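Reader: I have a model open and would like to go through some of its features with you. Shall we begin with the surface?

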Amino acid sequence: MSASVAVYRNIYTEDRFKQAYGSDDSTSGSLRLREKLAGRCRCSKRACLHLLSERVPIFNWLPRYRLKKWILGDTIGGLTVGILHIPQGMAFALLTSVAPIFGLYTSFFPVVLYMFFGTGRHVSTGTFAVVSLMTGSVVEQLVPTPLEMNSSSSEAADFEAQRIGVASAVALLSGIIMLCMFGLQLGFLSTYLSEPIVKAFTSAAAFHVTVSQIQSMLGLRLPRHTGTFSLFKTLASVMENLPHTNMAELLISMVCLAVLVPVKEINMRYKKRLRTPIPVEILTVIIATGVAYAFSLDSSYNIEIVGHIPAGFPKPRMPALHTFPDIAGDTVAITFVGYAVSVSLAMIYADKHGYSIHPNQELLAHGISNTVSSFFTCFPSSATLATTNILESAGGYTQLSGLFTSLVVLIVLLLIGPLFYFLPKAVLACINVTSLRQMFLQFQDLPELWRISKIDLMVWVVTWLSVVVLNVDLGLAIGVVFSMMTVICRTQRAGCSVLGRASNTEIYRPLENHSKCYEVPGVKILTYNGPIYYGNRSFFREEMSRLLGLTPEKIRSREKARKALEKRERDATVSTVERGIANTLFSSENEFFKSEETDVQAVLIDCSSVSFVDVAGARLFTQMCTECQKVGVHVYLANCNESVLKILTSSGLMTYMNPQHIFVTVHDAVMYIQQQKEKPPENTTTVWV
């Protein structure tokens, strides 16, 4: 059963509609500005408490904490993640090219700080493979590994101090950048790293991580390659040195992979049935450490072990501030990657569990975490994929789970850390590789991207290839630039269509897709599906000229004929002697314009899809209006938003166009044009749908 609607109302131009339903913009605008300034400048106890709860969210959620309902989930989730942080922190420290103990520090301080300042209830912060890899590249560039160095000498201690000084400087500068972005409220910048870019980047970075760990898994002592084509340089170096493989470390790696991969697969497939995932990483670390100690593998088979891990808290130490000029460019990329991944993860779980996060507050949380942690010999941290997923699946509810996570790491730092002296580094390399499972599985998104958007698929592929072939930093930059170029190209080549009317309705649709719609006689209704700015003004002009059939030659011929007709009309009033000749000439001109009556007499531009217009676009409107007037075609506008209308008005378009030719809807304009032909007594219209 179909329903019909009858609408009977006045025809509304923009001016008439504003007079009837608008408001005084100047008064309301000034009042709103005054109220905003007064609200910001007002100082009261309530305002201070509100600001405190906004900037330190723990004061907002902790008083409303449901102890009986949430404490068990937060405890189990926090303890589970804390156990995973121990091997993962030490493993990712190797990616950062620093000693494993600094990975434990980075798994403690940022977790505590995020608990106070973060808004993501299910976000687990700490060491992240991609951020660690990028930081490690910076460390290797500034403090390269010497080919020969006595690990027990003071030279080795100075070398490690230099490296952690550079890594801490990256963390400090990253935190300062985030705090500056928070002050400028630039949380929206993370949107420039779209989902295809982030997924392709992390997936490609996983290949870099895997290749960088091959030498540790084979027991090869090789320098780490950085810069462009680093992945292929590392592979070539490994292939050249395959004869020098330490068979004992290769065997350890194979056994670890044989244990880690299946158990991790079990954890993923049966995570709904398992109350907590099997802590296979920490079990592997404990068993491997015990075996290496029992059989003295370091001295018997020359395997590389973690070595001394000091117990206790680190002393505050100033990062290597003098390296800021050298690390600035890389740190910007590290900051954006860490923040984009953190916000993306927080948003995913916030949407899943029905709460909201605040991107700018996340900037503050991660900025404070990195800034403060850098003074305690920590390298850059962010939210992590694996631990966040485990925290949510283990039943974590709030940020309080970070307290239990940090307690586990604290116990290791104070008591258990030195016991990992004999832990083989090959085991940590295997943990690094197996922790990348989720990143490798992002290839599964490609068929869906192919089905939904070919352009997003191109962004994914270009970003992935750039990161794998060139380098992590450069590949990310290429991916961002390419993604923005696709947006620019889409706005430059937005579609321009002729609209037709559906019979007995006020609905207008493109004729190319709706063959049963008809074109209003004498009126060409055009729509442009994009902004009109300096980048696409030429394309917009070409499309409009093509659809209207207004070539420069045609404009000149019509203008010349019109001027000739006007001149002969003036001559006819002065001289009656040549009336017969004049009539003959007039008849020829009248026949010319009579033939043009079948052409366009009015152009109506539907601006509903025009999001913005710049100065170049506004001048183009003026130019088109002038050209149409030369050939006797009137120009009308409809569905202009406030910003577009304001720019067109300010640019002087109303000097060349009647302000009463701007209408609220396309149908209002069409009814007005038809009434002007028929000259009806009232400006009303009836629309039957």
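Reader: Which helix gives the most to the nonpolar patch?
Author: Helix H13 (residues 280–294) does, with 3 residues; helices here are DSSP runs of H or I with at least four residues, and strands are runs of E with at least two, numbered from the N terminus. This is a predicted model, in which local features need pLDDT of at least 70 and side-chain atom pairs count only at pLDDT 80 or more, while totals for chains, interfaces and linings use all residues. Residues are numbered from 1 along each chain as its sequence is written, and side-chain values use heavy atoms, with hydrogens and water left out.

Reader: Which residues form that patch?
Author: Ile-266, Tyr-270, Ile-278, Leu-283, Ile-287, Val-291 and Phe-295, with about 650 Å² of accessible area together (Shrake-Rupley method, 1.4 Å probe, only the protein chains shown counting as cover). Patch residues have over 30% relative accessible area and no salt bridge, and nonpolar side chains are joined within 5 Å, like charges within 9 Å.

Reader: Where is Tyr-270 found?
Author: Tyr-270 is in the loop between helix H12 (247–269) and H13. Its relative accessibility is 39%, so it counts as partly exposed (buried is under 20%, exposed over 50%, partly exposed in between, with a 1.4 Å probe and protein chains only).

Reader: Turning to charges, how many salt bridges does the structure hold?
Author: There are 14, each a side-chain nitrogen of Lys or Arg within 4 Å of a carboxyl oxygen of Asp or Glu. One of them pairs Lys-199 with Glu-195 at 3.1 Å, N to O. These two are 4 residues apart in helix H10, so about one helical turn separates them.

Reader: What else does Lys-199 meet in a salt bridge?
Author: The side chain of Asp-445, also at 3.1 Å, N to O. That pair links distant parts of the chain, 246 residues apart: Asp-445 sits in the loop between helix H20 (437–440) and helix H21 (446–452), Lys-199 in helix H10. Asp-445 counts as buried at 19% relative accessibility, whereas Lys-199 is partly exposed at 24%.

Reader: And what does Lys-425 pair with?
Author: Lys-425 forms a salt bridge with Glu-304 (3.4 Å, N to O). Lys-425 lies in helix H19 (residues 425–434) and Glu-304 in the loop between helix H14 (297–300) and helix H15 (324–353), so parts 121 residues apart in sequence are tied together. Salt bridges that share partners join Arg-221, Glu-249, Glu-304 and Lys-425 into one network.
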